[in-house]
Amino acid sequence: MKPSQEKHIIEIRNKKASFLYFLMQEYTAGIVLCGSEIKSIRAGKANLSDAYCVFLNGELWVMQMHIAEYRFSSFGKFESKRDRKLLLNRKELRKLEAKSKEKGYTIVPTLLYIDERGWCKLKIALAKGKHSYDKRDTIRQRDNDREIRREIFG
């Protein structure tokens with residue numbers, strides 16, 4: 001089964017990313033979590049809409065990713081929008097850092113999921129920003145697809 005065809009129990013998507021950016025290349029990164037953050041993610045209490053990735057001292061970090069505090073946690077309180085380190089191999093990090101320094105490119109998180117082994121993974125994409133006319137084309141294409149589906153499936 002190809003990785004794009006895998007079904008995950010928990011999938012938290014960043015729908016805004018595909019509307020605002022052209023997604024060039026995708027990478028799957030591990031994420032460093034603390035305490036009861038994984039339980040909150042398993043409960044579906046995370047949000048990627050404001051999140052972005054930056055390089056600090058040669059390491060990739062995800063900023064502004066919201067993970068709600070776990071309700072039943074008795075210890076280990078954490079900030080809901082703290083910075084979290086992403087885990088990639090060195091070759092991928094060097095490639096991403098070089099590309100992200102080019103004008104117009106950025107790194108955005110697109111999908112947060114739990115894999116089959118129970119590990120939390122974050123799909124990130126090297127992205128290039130869209131202009132307003134590109135966004136209008138996206139809206140037009142989505143509306144056309146919706147109309148076609150209505151005609152076919154009644």
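Trainee: Which residue in β9 does Pro 109 stand opposite?
Mentor: Pro 109 stands opposite Ile 124 in β9. Before we go on, this is a predicted model, where local features need pLDDT of at least 70, side-chain atom pairs count only at pLDDT 80 or more, and totals for chains, interfaces and linings use all residues. Residues are numbered from 1 along each chain as its sequence is written, and side-chain values use heavy atoms, with hydrogens and water left out.

Trainee: What makes β8 and β9 a pair?
Mentor: Two strands pair if DSSP finds at least two bridges between them. Nine bridges join β8 to strand β9 (residues 120–129), so they pair, and they run antiparallel. Strands here are DSSP runs of E, at least two residues, and helices are runs of H or I, at least four residues, numbered from the N terminus. β8 and β9 form a hairpin with five residues between them, and Gly 118 in the turn has a positive phi of about 95°.

Trainee: How do you know that β1 pairs with β8?
Mentor: By the same rule: three bridges join strand β1 (residues 11–13) to β8, and at least two are needed, so they pair. These strands also run antiparallel.

Trainee: Why is Thr 110 called buried?
Mentor: Buried means under 20% relative accessible area, exposed means over 50%, and partly exposed is in between (1.4 Å probe, protein chains only). Thr 110 has 9%, so it counts as buried. Thr 110 lies in strand β8 (residues 105–114). Nine of the ten residues of β8 are buried, so the strand is largely enclosed by the rest of the structure.

Trainee: What does Thr 110 touch?
Mentor: Contact means heavy atoms within 4.5 Å. Not counting residues up to four places away in sequence, Thr 110 touches several residues, including Ile 12, Arg 13, Leu 48 and Ile 124.

Trainee: What about Ile 148, is it buried or partly exposed?
Mentor: At 45% relative accessibility, Ile 148 sits between the cut-offs, so it counts as partly exposed. Ile 148 lies in helix α4 (residues 132–153).
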